[in-house]
Amino acid sequence: MQNNKQKADNKSTVIMLTKKPKDTFASQKAFLSKYGIVLVLIVMFVLMSFMSPVFMTAKNLFNVVRQISVIGLISLGVTLVIIAKGIDLSSGSVLAVAAVVAASLGQQGDWQAKMFPNLPEMIVLVPIIAALLVGLIAGLINGTLIAKTGIPPFIATLGMMVSARGFAQIYSNGRPVSTLTKSYQWFGQSYVLGFGDFRGIPVPVILYIIMILITYILLNHTRFGKNIFAIGGNIHAAEVSGINVDRNLIKIYAYAGLLAGLAGFVLSARVNTGQPGMGMSYELDAIAATTIGGTSHSGGIGTIWGAVVGALILGILNNGLNLLGVSGYYQQVFKGVIIVGAVIIDMRKNKKKK
């Protein structure tokens, strides 16, 4: 009996010893799968700080964050869309429409500069609401087309991309809408919580952080968020389980449009003008940030913090390459390689899961 027990103990010890390396390897692999993108961000920080002494200065880092806040706002909405197994190609054009409409309602009182000469100077709340409404309406149209007509998201949002850009040109007569009020510019150019030599945190960054928190709660702590994952995971199963897929798709695209509208307002406030050519290829940058952040184009997988890290990686890449004097053409090549690489990794991960 004792010998048998000893043999059993020895056997279990052998099993534990043989399993341990595999378990360790699996846990390391899981860790890299979950936090690999953060490690990439840290490596980029270290590399850039060695390659350019300007990179790690507070002024430059705040500039990076302020610059990515616009793309970051769009990418939050795009993340929800891609988790639901969709795509939004219209966000850059919707941003342009929202920017020119908001700017036209936020010009200074000098009638010579106003797009509408007889319109009195308005409080800043009016252009903000106008920008949000423009984005919301565009998103509602996208969502309704996709949900009610069965048009693929790629085609529906491609149509909106072209139409919205044309509308921005028509509305502004193809001209910049400038000379915005000081209160309007405050949302793009000012800082808060500054002290001493520290200028403070840029207002666009504050707005970005607020929308990150709201979108995080929306995605992770509401029934709407659960429905997004369910629709992206298996749309037919979602329908069978009683989820109103059409209504949720409309909500998802409407929210993405709302964020694009807000991004248009913030960008116009930062550069003190609304231009119909604004936001060109921003939709691709937003999709890139979302993809780099680990959101799967197969649907049902994605996180808000991943989208934020993806936007940071893109911002640091752009900033670092600019500091090193790398041509914009090469920057596009790097960006394209990163996007394709991220998609390949995503496909390999999903293939293994299947």
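1. Lys 148 is exposed, with a relative accessible area of 56%; here exposed means over 50%, buried under 20% and partly exposed in between (1.4 Å probe, protein chains only). Asp 246, at 27% relative accessibility, counts as partly exposed. This is a predicted model, so please keep its limits in mind: local features need pLDDT of at least 70, side-chain atom pairs count only at pLDDT 80 or more, and totals for chains, interfaces and linings use all residues. Residues are numbered from 1 along each chain as its sequence is written, and side-chain values use heavy atoms, with hydrogens and water left out.

2. These two residues form a salt bridge, with the closest N and O atoms of Lys 148 and Asp 246 lying 3.8 Å apart. The rule asks for a side-chain nitrogen of Lys or Arg within 4 Å of a carboxyl oxygen of Asp or Glu, and by it the count comes to one salt bridge. The pair links distant parts of the chain, 98 residues apart: Lys 148 sits in helix H4 (residues 125–149) and Asp 246 in helix H10 (residues 245–271). Helices (H or I, at least four residues) and strands (E, at least two) are DSSP runs, numbered from the N terminus.

3. Is Ser 268 buried or exposed? Ser 268, which also belongs to H10, is buried, at 0% relative accessibility. Its side chain reaches the backbone oxygen of Phe 265 at 2.8 Å. Setting aside neighbours within four places in sequence, Ser 268 is in contact (heavy atoms within 4.5 Å) with Ala 99, Leu 180, Tyr 184, Thr 273, Gly 274 and Met 278.

4. How do H6 and H10 pack, and at what angle? Helix H6 (residues 182–189) meets H10 at about 105°, with the axes 7 Å apart; axes are lines fitted to C-alpha atoms over the stretch in contact, and angles run from 0 to 180 degrees between N-to-C directions. The two helices are therefore roughly perpendicular, a label covering 65 to 115 degrees. On the H6 side the contact involves Tyr 184, Gln 185, Phe 187, Gly 188 and Gln 189, and on the H10 side Phe 265, Val 266, Ser 268, Ala 269 and Arg 270.

5. For the overall picture, the protein has 13 helices and four strands. Buried residues make up 44% of its 354 residues. Among contacts between residues at least 6 apart in sequence, 75% join residues at least 24 apart.

Conventions. Polar contact = N/O pair within 3.5 Å; in protein donor to acceptor, adjacent residues only side chain to side chain. Parallel < 35°, antiparallel > 145°, perpendicular 65-115°, else oblique.
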